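Look over the model below with its charged side chains in mind.

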Amino acid sequence: MIQLKIVKDSLNKELESLLDQVFYHPHPRVCAHGQTWLPQIDIYETEEGFQVVAELPGSRPEDIEVVVDHRHLKLAGRRRPRTPENSYLVHQSEIIFGEFRRIFRMPSFIVPDRTEAALDHGILTILLIKDRAVKTTVEIL
(Lines give C-alpha, C1' and ligand atoms only; values in the text may rest on other atoms or scores of the structure.)
Protein backbone atom coordinates (compact mmCIF):
# COMPACT_ATOMS: atom_id res chain seq x y z
CA MET A 1 0.00 0.00 0.00
CA ILE A 2 1.25 3.48 -0.88
CA GLN A 3 1.93 5.67 2.14
CA LEU A 4 -0.26 8.77 1.94
CA LYS A 5 0.44 11.52 4.43
CA ILE A 6 -1.62 14.61 4.94
CA VAL A 7 0.12 17.46 6.70
CA LYS A 8 -1.24 20.66 8.09
CA ASP A 9 2.03 22.60 7.86
CA SER A 10 3.36 23.92 4.59
CA LEU A 11 6.19 22.22 2.74
CA ASN A 12 7.62 25.62 1.75
CA LYS A 13 10.94 25.19 3.58
CA GLU A 14 11.54 21.77 2.10
CA LEU A 15 10.59 23.02 -1.37
CA GLU A 16 12.94 26.01 -1.12
CA SER A 17 15.77 23.81 0.15
CA LEU A 18 15.32 21.35 -2.69
CA LEU A 19 15.21 24.11 -5.31
CA ASP A 20 18.38 25.69 -3.90
CA GLN A 21 20.21 22.38 -4.04
CA VAL A 22 19.05 21.57 -7.56
CA PHE A 23 20.04 24.97 -8.99
CA TYR A 24 23.46 25.01 -7.31
CA HIS A 25 24.34 21.35 -7.87
CA PRO A 26 27.31 20.99 -10.25
CA HIS A 27 26.20 17.96 -12.27
CA PRO A 28 22.77 17.52 -13.91
CA ARG A 29 22.71 13.70 -13.49
CA VAL A 30 23.22 13.92 -9.73
CA CYS A 31 20.28 14.91 -7.58
CA ALA A 32 20.01 16.48 -4.14
CA HIS A 33 20.55 14.56 -0.88
CA GLY A 34 22.12 11.52 -2.51
CA GLN A 35 19.22 10.96 -4.89
CA THR A 36 20.21 9.04 -7.97
CA TRP A 37 17.21 9.55 -10.25
CA LEU A 38 14.10 11.63 -10.74
CA PRO A 39 10.89 10.08 -12.02
CA GLN A 40 9.19 11.74 -14.98
CA ILE A 41 5.97 13.48 -13.90
CA ASP A 42 3.00 15.02 -15.71
CA ILE A 43 0.41 17.24 -14.01
CA TYR A 44 -3.01 17.84 -15.57
CA GLU A 45 -5.70 20.24 -14.37
CA THR A 46 -9.46 19.79 -14.62
CA GLU A 47 -12.36 21.81 -13.23
CA GLU A 48 -12.42 19.56 -10.15
CA GLY A 49 -8.72 19.22 -9.44
CA PHE A 50 -5.38 17.88 -10.60
CA GLN A 51 -4.17 14.54 -11.84
CA VAL A 52 -0.49 13.80 -11.26
CA VAL A 53 1.05 10.93 -13.22
CA ALA A 54 4.51 9.63 -12.34
CA GLU A 55 6.59 6.97 -14.05
CA LEU A 56 7.94 4.72 -11.29
CA PRO A 57 8.97 1.44 -12.95
CA GLY A 58 10.43 -1.01 -10.51
CA SER A 59 9.11 0.83 -7.44
CA ARG A 60 6.91 -1.00 -4.97
CA PRO A 61 3.90 0.65 -3.30
CA GLU A 62 5.54 0.28 0.12
CA ASP A 63 8.56 2.25 -1.17
CA ILE A 64 6.50 5.29 -2.25
CA GLU A 65 5.45 8.17 -0.02
CA VAL A 66 2.93 10.84 -1.01
CA VAL A 67 2.66 13.88 1.30
CA VAL A 68 0.00 16.52 0.71
CA ASP A 69 -0.86 19.81 2.36
CA HIS A 70 -3.24 22.53 1.16
CA ARG A 71 -0.84 23.81 -1.52
CA HIS A 72 1.95 21.24 -2.02
CA LEU A 73 2.55 17.70 -3.17
CA LYS A 74 5.67 15.80 -2.16
CA LEU A 75 6.45 12.50 -3.86
CA ALA A 76 9.34 10.52 -2.43
CA GLY A 77 10.53 6.96 -2.42
CA ARG A 78 13.05 4.59 -3.88
CA ARG A 79 13.58 2.08 -6.61
CA ARG A 80 15.50 -0.94 -5.38
CA PRO A 81 18.35 -2.37 -7.42
CA ARG A 82 17.84 -5.66 -9.19
CA THR A 83 20.59 -7.86 -7.82
CA PRO A 84 22.02 -10.23 -10.44
CA GLU A 85 23.25 -13.64 -9.44
CA ASN A 86 26.88 -13.78 -8.29
CA SER A 87 27.82 -15.71 -11.43
CA TYR A 88 26.78 -12.83 -13.72
CA LEU A 89 29.39 -10.75 -15.47
CA VAL A 90 27.86 -7.30 -16.04
CA HIS A 91 28.61 -5.87 -19.48
CA GLN A 92 26.34 -2.86 -19.26
CA SER A 93 24.31 -1.30 -16.46
CA GLU A 94 22.09 1.69 -17.28
CA ILE A 95 19.06 1.21 -15.04
CA ILE A 96 19.23 3.83 -12.32
CA PHE A 97 17.99 2.98 -8.83
CA GLY A 98 17.97 4.62 -5.44
CA GLU A 99 16.03 7.34 -3.68
CA PHE A 100 14.10 10.21 -5.21
CA ARG A 101 12.11 13.21 -4.03
CA ARG A 102 9.96 15.68 -5.97
CA ILE A 103 7.99 18.59 -4.52
CA PHE A 104 5.39 20.62 -6.38
CA ARG A 105 3.50 23.78 -5.47
CA MET A 106 0.03 23.39 -6.93
CA PRO A 107 -1.53 26.33 -8.82
CA SER A 108 -4.54 26.37 -6.49
CA PHE A 109 -5.44 25.15 -3.04
CA ILE A 110 -6.35 21.50 -2.65
CA VAL A 111 -8.27 19.40 -0.11
CA PRO A 112 -5.67 17.03 1.38
CA ASP A 113 -8.26 14.67 2.90
CA ARG A 114 -9.68 13.83 -0.53
CA THR A 115 -6.37 12.82 -2.13
CA GLU A 116 -6.24 9.42 -3.81
CA ALA A 117 -3.22 7.51 -5.14
CA ALA A 118 -2.85 4.26 -7.07
CA LEU A 119 0.11 2.42 -8.61
CA ASP A 120 -0.57 0.33 -11.72
CA HIS A 121 2.19 -1.29 -13.79
CA GLY A 122 4.79 1.27 -12.67
CA ILE A 123 2.55 4.31 -13.24
CA LEU A 124 1.52 6.23 -10.13
CA THR A 125 -1.64 8.31 -10.48
CA ILE A 126 -2.51 10.86 -7.80
CA LEU A 127 -5.84 12.70 -7.76
CA LEU A 128 -5.96 16.04 -5.94
CA ILE A 129 -9.30 17.82 -5.48
CA LYS A 130 -9.38 21.61 -5.64
CA ASP A 131 -10.54 23.44 -2.54
CA ARG A 132 -13.67 25.40 -3.38
CA ALA A 133 -14.02 28.25 -0.91
CA VAL A 134 -17.56 28.59 0.31
CA LYS A 135 -18.94 32.00 -0.58
CA THR A 136 -20.65 33.79 2.24
CA THR A 137 -23.11 36.62 1.76
CA VAL A 138 -22.99 39.22 4.50
CA GLU A 139 -26.02 41.39 5.05
CA ILE A 140 -25.18 45.04 5.51
CA LEU A 141 -27.20 46.70 8.25
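Predicted model: local features only at pLDDT ≥ 70, side-chain atom pairs only at ≥ 80, totals over all residues.

## Terms and basis

Residues are numbered from 1 along each chain as its sequence is written, and side-chain values use heavy atoms, with hydrogens and water left out.

A salt bridge here is a side-chain nitrogen of Lys or Arg within 4 Å of a carboxyl oxygen of Asp or Glu. The rule gives three salt bridges.

Arginine 80 pairs with aspartate 63 in one of them, with the closest N and O atoms 2.7 Å apart. Arginine 80 sits in the loop between β5 and β6 (98-105) and aspartate 63 in the loop between β3 and β4, so the bridge ties together parts 17 residues apart in sequence. Helices (H or I, at least four residues) and strands (E, at least two) are DSSP runs, numbered from the N terminus.

Arginine 78 also forms a salt bridge with aspartate 63, at 3.6 Å from N to O. This pair ties strand β5 (residues 72-79), which holds arginine 78, to the loop between β3 (49-55) and β4 (64-68), which holds aspartate 63; the two residues are 15 apart in sequence. Arginine 78 is partly exposed at 36% relative accessibility. Aspartate 63 is buried, at 9%.

Which residues do shared partners join? Through salt bridges that share partners, Asp63, Arg78 and Arg80 form one network.

## The lysine 130 bridge

Lysine 130 forms a salt bridge with glutamate 45. Their closest N and O atoms are 2.6 Å apart. The pair links distant parts of the chain: glutamate 45 belongs to strand β2, lysine 130 to the segment after β8 (123-129), and 85 residues separate them.

Glutamate 45 is partly exposed, at 48%.

## Leucine 38

Leucine 38 is found in the loop between α1 (12-24) and β2 (41-45). Its relative accessible area is 38%, so leucine 38 counts as partly exposed. Leucine 38 and glutamate 99 are 61 residues apart in sequence. In space they are 8.5 Å apart, C-alpha to C-alpha.

Notes:
Buried < 20%, exposed > 50% of the residue type's maximum accessible area, 1.4 Å probe, protein only.
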